[in-house]
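Please keep the sequence and the structure in view while reading.

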Amino acid sequence: MLAMKIYSYMIDHDFGLAPNPFGKYCTIAVCKPTIRKSKNLNINDWIIGTGSKSLEKSSGFSCVRKLIFAMKVSEIIDLNSYWHDPRFEYKKPIMNGTLTTMFGDNFYYLDENANWVQEDCAHRNIDGIYNDEHIRKDTGGKNALISELFYYFGRNAPQIPENLVDVCRTTQGVKFVKPDELASRFLEWLQNSFQPGIQGFPINWSMYNK
């Protein structure tokens, strides 16, 4: 029986923000609050994201039942600690920079009154004003998930083999991949077929190339 778990969900948008795969670490620090705050999530668990109809609609890219990313959780830290940790300084957004820096995911910290500050980022309103709904959802997730072993495919997402497609979530929310034998076969396929790291650009970046 596996000592770890696989959390699976569908990705609606892929901008390199959640997950943010750039640099040494793949991170999920915004969106997906249910996973980030889960007391059942442990070090060495895996998180995978697969394509969805919503992602197809927003990008024009065929991605249902394709693997967008997979990451093995190596560390779980609270969002305020994530902001102050020098390892993740490079993930703080630079909105007039490259697409990679524009979609940095490290933009929340607590002020002296223990209120959340949302730095200029992709989750602010278009006019640059705080987005209260994103603040509520993002900080409600409490933690940033860190991975040093990850596979990010983006627009080069591979089709998941037919005998493994049950790893895919087919509705909103999160799926625990069961049985353990299926999870084992999925990870065997992943690790035997691909090299870790970034294999392609985020799918929704295509909108910036038009």
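The model is predicted.

**The largest pocket**

The largest pocket has a volume of about 660 Å³. Its lining is made up of 24 residues, and those nearest its centre are Asp12, His13, Ala18, Cys31 and His123. Strand E1 (6–10), helix H1 (33–36) and helix H5 each give at least two residues to this lining. The largest share comes from H1, with 3 residues.

**Asp138**

Asp138 sits in helix H5, which covers residues 132–140. What is the nearest side chain of opposite charge to Asp138? It is Arg36, 4.5 Å away.

A polar atom of the Asp138 side chain does lie 3.0 Å from the backbone nitrogen of Cys31. Setting aside residues up to four places away in sequence, Asp138 touches Val30, Cys31, Arg36, Leu79, Phe107, Tyr108 and His123. Two of these names, Cys31 and His123, were also listed among the residues nearest the centre of the largest pocket.

**Leu55 and Lys66**

Leu55 belongs to helix H2, residues 53–59. Lys66 is in the loop between H2 and strand E4 (67–72). Is Lys66 buried or exposed? Lys66 counts as buried because its relative accessible area is 16%, and the limit for buried is under 20%. Leu55 is buried too, with a relative accessible area of 0%.

The table gives one pair of residues for each, with the distance between C-alpha atoms.

| Pair | Separation along the chain | C-alpha distance |
|---|---|---|
| Leu55 and Asn156 | 101 residues | 14 Å |
| Lys66 and Val165 | 99 residues | 9.0 Å |

The contacts that follow leave out neighbours within four places in sequence. Leu55 is in contact with Ile11, Asp12, His13, Asp14, Gly60, Cys63, Ile68, Ile203 and Asn204. Among them, Asp12 and His13 are also named as lying nearest the centre of the largest pocket. For Lys66, the contacts are Gly49, Thr50, Gly51, Phe61, Ala157, Pro158, Gln159 and Ile160.

Conventions:
Residues numbered from 1 in each chain as written. Predicted model: local features only at pLDDT ≥ 70, side-chain atom pairs only at ≥ 80, totals over all residues. Heavy atoms only, no water. Helix = DSSP H or I, 4+ residues; strand = E, 2+ residues; numbered from the N terminus. Buried < 20%, exposed > 50% of the residue type's maximum accessible area, 1.4 Å probe, protein only. Lys, Arg positive; Asp, Glu negative; His and termini not counted. Salt bridge = Lys/Arg side-chain N within 4 Å of Asp/Glu carboxyl O. Polar contact = N/O pair within 3.5 Å; in protein donor to acceptor, adjacent residues only side chain to side chain. Contact = heavy atoms within 4.5 Å. 1 Å grid on protein atoms, 1.4 Å probe; cavity = no way out; pocket = protein on both sides within 12 Å on 5 of 7 lines; lining within 4 Å. Points joined across faces, edges and corners; volume = space filled by probe spheres on them.
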